[in-house]
Amino acid sequence: MNAISNLPAEIAVTRLPAFDDNYFWLVHGAGDAQRSVAVVDPGDAATVLAALESQGLTLATILVTHHHADHIGGVAALAARFGVPVFGPAREDIPARTLAVGEGDEVELPALGLRFQVFDVPGHTAGHIAYYGHGALFCGDTLFSGGCGRLFEGTPQQMLNSLDKLSQLPPETRVYCAHEYTASNLRFAAAVEPGNAALLEYQALVTTLRARNEATIPTTVGLEMRINPFLRTRLAAVRAAATAHAGRVPADDAAAFAVVREWKNGFR
Ligand code: ZN
Ligand code: FE
């Protein structure tokens, strides 16, 4: 059963910026294992190798959320070099995957003294998964700060269900998504909810942070509930905006979500 005793409430996580706007995440082991790390969504091996070397870290595990190239590009090379387990979504093709996981599974990482729960979060891709544990959520391209992933393979109803699942996590949950899209997401969010004071206040902070080239991730579930239009499509202000944009009242929750998602696809 529980091979790991004294599960830590919090974990140390290192951000690795890559490409234009990706983040790979290094999850450090607990206590004495802090120099052992798992990497989440390594889209590029060289970025990870450089960080391991410069910080004197040992790679213990690879965690993958979905099959897009910017999330898996470094998996095969890292797995071959270090011979580490690769956890990935059961319903997608992931290179070098050794452990296929989905909703209800637990990812045990004995080398790190950590354990994560797996959620199915389809919408961006059909088999997308997220990892949750120790107060942290690694959600790939499902939930972003101020936004959500594009619906490449899933339906609005699937993505709404996935975001509903994530929004039920404790508000203090730190959300480690895979892209720094916050500033542009908040420009859209402010168009949807120009009367949301918390949103406008946070947008001003993000503008300041990004001007200094500082990251806005991790965010938290509680913050996203206040500012992210895709977690707020059942609220009156967002419903009214969706109705005005579409020129008709959405038939149900999924239809309202679909209107906001399509609106953003064309928003500049
Ligand atoms: Zn993606
Ligand atoms: Fe991505």
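**Labels and their cut-offs**

Guide: Start at H68, found in the loop between β4 (58-63) and α2 (69-72). Helices (H or I, at least four residues) and strands (E, at least two) are DSSP runs, numbered from the N terminus. This is a predicted model, where local features need pLDDT of at least 70, side-chain atom pairs count only at pLDDT 80 or more, and totals for chains, interfaces and linings use all residues. Residues are numbered from 1 along each chain as its sequence is written, chains are lettered from A and ligands numbered from 1 in the order in which they are written, and side-chain values use heavy atoms, with hydrogens and water left out.

Visitor: Why is H68 called buried?

Guide: Buried means under 20% relative accessible area, exposed over 50%, partly exposed in between (1.4 Å probe, protein chains only). H68 has 17%, so H68 is buried.

Visitor: Why does A96 count as partly exposed?

Guide: A96 has 39% relative accessibility, so the middle class applies. A96 sits in the loop between β5 (86-89) and β6 (99-101). Its phi is near 65°, a positive value in a residue other than glycine.

Visitor: What makes a polar contact between the side chains of H68 and H124?

Guide: The pair must be N or O atoms within 3.5 Å; within protein, one must be able to donate a hydrogen and the other to accept it, and residues adjacent in sequence count only if both atoms are side-chain atoms. For H68 and H124 the value is 3.1 Å, a polar contact.

Visitor: Which residues is H68 in contact with, leaving aside its neighbours within four places in sequence?

Guide: Contact means heavy atoms within 4.5 Å. H68 has H124, T125, F152 and E153 on that list.

Visitor: What joins strand β3 to β4?

Guide: Two strands pair if DSSP finds at least two bridges between them. Five bridges join β3 (residues 36-40) to β4, and the two run parallel. In one bridge, A38 has T61 of β4 as its partner.

Visitor: What order do the six strands of the open sheet take?

Guide: The order is β1-β2-β3-β4-β5-β6, with mixed pairing. β1 and β6 are the edge strands, because each pairs on one side only.

Visitor: Which strands does helix α3 lie across?

Guide: Helix α3 (residues 75-82) lies across β3, β4 and β5, at about 135° to β4. Axes are lines fitted to C-alpha atoms, for helices over the stretch in contact, and angles run from 0 to 180 degrees between N-to-C directions.
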